[in-house]
Amino acid sequence: MSKLPAADTLAASIDYTPPRKPWMEVPAEFRPGVYSYPANPKNLKILDFPNPRQWAPEDDDWKLPENWQEIIYEGFKERLHKYRSLKVFMDVCVRCGACADKCHYFIGSGDPKNMPVLRAELLRSVYRRDFTMAGKILKSLSGSRELTEDVIKEWFMYFYQCSECRRCSLFCPYGIDTAEITMMGRELLNLLGLNINWVMEPVANCFRVGNHLGIPPHTFKDIVDFMCEDIEDITGVKIDPPINKKGAEILFVTPSGDYFADPGTYTFMGYLMLFHELGLDYTMSAYASEGGNFGLFTSAEAMKRLNAKIYAEAKRLGVKWILGGECGHMWRVINQYMDTMNGPADFLDVPRNPLTGTVFSNARSTKMVHITEFTADLIKNKVLNLDPSRNDNLNVTYHDSCNPSRAMGLLEEPRYVIKNVCNNFYEMPEQTIREQTFCCGSGSGLNNEEFMEMRMRGGMPRANAVKHVQEQYGVNMLSCICAIDRAALPPLMEYWVPGVDVTGVHELVANALVMRGEKERETDLRGEPLPGKEG
């Protein structure tokens, strides 16, 4: 990992002065901290991806296939034919610049190629030369350029400096989704064996074992058992969660980050406590033990393969519908791609809350309900016994995770849940939340150590908004509904806003949940004294 400068030094280094040379003449500069390591060849072999080999971005020779230009041309042509959106996005941009200052990586780096309009131009300039008459005739006068190895290196740099958060698309008057352009750029790079390990290893693990981390089924069971022991120590309530239970009503799927590392583990414990208290007829699967879908950051085919595992397991276990945990990209895949990839899931029922009778008609096709929709419905129907004063030591704000908020409009349910389990809730500035939310800076497989400088630069706008409510209201807890956020935000807060911790919404729910038969609780799930129990 590269050495990270102090926060003040990093902030002072941001320079928005445009380079003197035209952008096409400014090569990508690979230095530690701003790029991710290439994929390990073994992971590409597992997935049957092309050109597995050892290489490094700082090398002159990237060991491309001999006919690499032909491969890119044919791949581009195929995708222009297959995806109408790509053709439209290549043609309709008028370079108005409405998106220019909306990307967190541009705000944090000052690099013009991180403006969404220019990032898309990296691809569009090649498209113009090879696929338009004006580009072929007028050449550079039309903004077109030849595909060279330097262009490929530029693609690798900047399509892996995009977290596909889609904030720019919100401000585009033509509706151009630059995240889709990044996805196509990454697909083309994959054809040459140019990918990053932080994406390809999770995809390979999920394909091979069932989750991003490669945790085998018996270890998954052990982890769940350890958590149940902790829950019993804190609450006195013994829990025995079902795994691989055939014939259960509901299959529960959540990202592996929730049961692997803090603070996600506390969110996972919250799920278990809630389901036990409800007496819910559910099961988890040790074979589809991953909600997250890193295929979204790789290729449409990889995304489809990983999504299919959840539904195949739902069919094998004979459940009626699927309940999904707090995850980011799982929900974008489900909401925006599931129907045309693997759906509709006609073998499942339209989800119905067995406690309240509420039918989730919004999930009529996917048969999958978000946990905050489910819990908000329980609270609205007064099913839960809650004591929000147990969270009175926390001044909480909420980070709208990019994919659930912008991709599926999940804006009010998390807030409704938080306000019913916490007495002290404060919103960040309006232009930084809900649909306009800023990214954590580490999405789309960029949550790796070697990329830390860009993560801190990209996360700076989010951190600035948190700092505002810390100074105004004494906020000391940042809540979210995404496992990537729960991994990415703690170092971001430590760097820019010390004193603010990170939590999932269902950790807050579990702290407030008064369970039948529980002992007098002294601590929260983290082992910290509850308010009034400091003793």
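# A tour from strand to core

Select strand 6, helix 21 (residues 483-496) and strand 7. Together they make a right-handed β-α-β unit. Right-handed means that, with the strands pointing away from you, the path from the first strand over the helix to the second runs clockwise. Helices (H or I, at least four residues) and strands (E, at least two) are DSSP runs, numbered from the N terminus.

You are looking at a predicted model: local features need pLDDT of at least 70, side-chain atom pairs count only at pLDDT 80 or more, and totals for chains, interfaces and linings use all residues. Residues are numbered from 1 along each chain as its sequence is written, and side-chain values use heavy atoms, without hydrogens or water.

**Stop 1: the two strands of the unit**

Stay with strand 6 (residues 477-480) and strand 7 (residues 501-504). They run parallel, joined by four bridges. Two strands pair if DSSP finds at least two bridges between them. Click on M477: its bridge partner in strand 7 is D501.

**Stop 2**

Zoom in on strand 1 (residues 250-253). Three bridges pair strand 1 with strand 2 in the parallel sense. Pick L251 and look across to strand 2: T283 stands opposite.

**Stop 3**

Select A288. A288 sits in the loop between strand 2 and helix 15 (300-317). Is A288 buried or exposed? A288 is buried, at 5% relative accessible area. Buried means under 20%, exposed over 50%, and partly exposed in between (1.4 Å probe, protein chains only). Beyond its neighbours within four places in sequence, A288 is in contact (heavy atoms within 4.5 Å) with G210, V253, K309, I310 and E313.

**Stop 2: one face of helix 4**

Go to helix 4 (residues 84-92). Its buried residues are L86, F89 and M90. An α-helix has 3.6 residues a turn, so residues three or four places apart point the same way. What covers this buried set? The cover includes helix 3 (68-82), helix 6 (116-131) and helix 10 (178-190).

**Stop 3: the nonpolar cores**

A nonpolar core is a set of buried Ala, Val, Leu, Ile, Met, Phe, Trp, Tyr and Cys residues joined through side-chain atoms within 4.5 Å. The largest one here has 94 residues. Select F76, I152, W155, F156, L194, M493 and W496, which have the most contacts inside it. Helix 20 (residues 452-473) gives the most to this core, with eight residues.

Not counting residues up to four places away in sequence, L194 touches R53, W55, W62, L64, I152, F156, Y160 and L189.

**Stop 4: a buried asparagine**

Select N403 in helix 18 (residues 402-408). N403 is buried, with a relative accessible area of 13%. Its contacts, leaving aside neighbours within four places in sequence, are E164, G328, H329, R332 and M408.

**Stop 5: backbone details**

Show the backbone from D262 to P263. A cis peptide bond joins them, with omega about 0°. P263 is in the loop between helix 13 (257-260) and helix 14 (264-278).

Next, take G343 and P344. Their peptide bond is cis too, with omega near -5°. P344 is in the loop between helix 16 (329-341) and strand 4.

Finish with two phi angles. D48 has phi near 60°, a positive value in a residue other than glycine. D48 is in the loop between helix 2 (41-47) and helix 3, and counts as exposed at 70% relative accessibility. R95, also not a glycine, has a positive phi near 55°. R95 lies in the loop between helix 4 and helix 5 (104-109), and is partly exposed at 48%.
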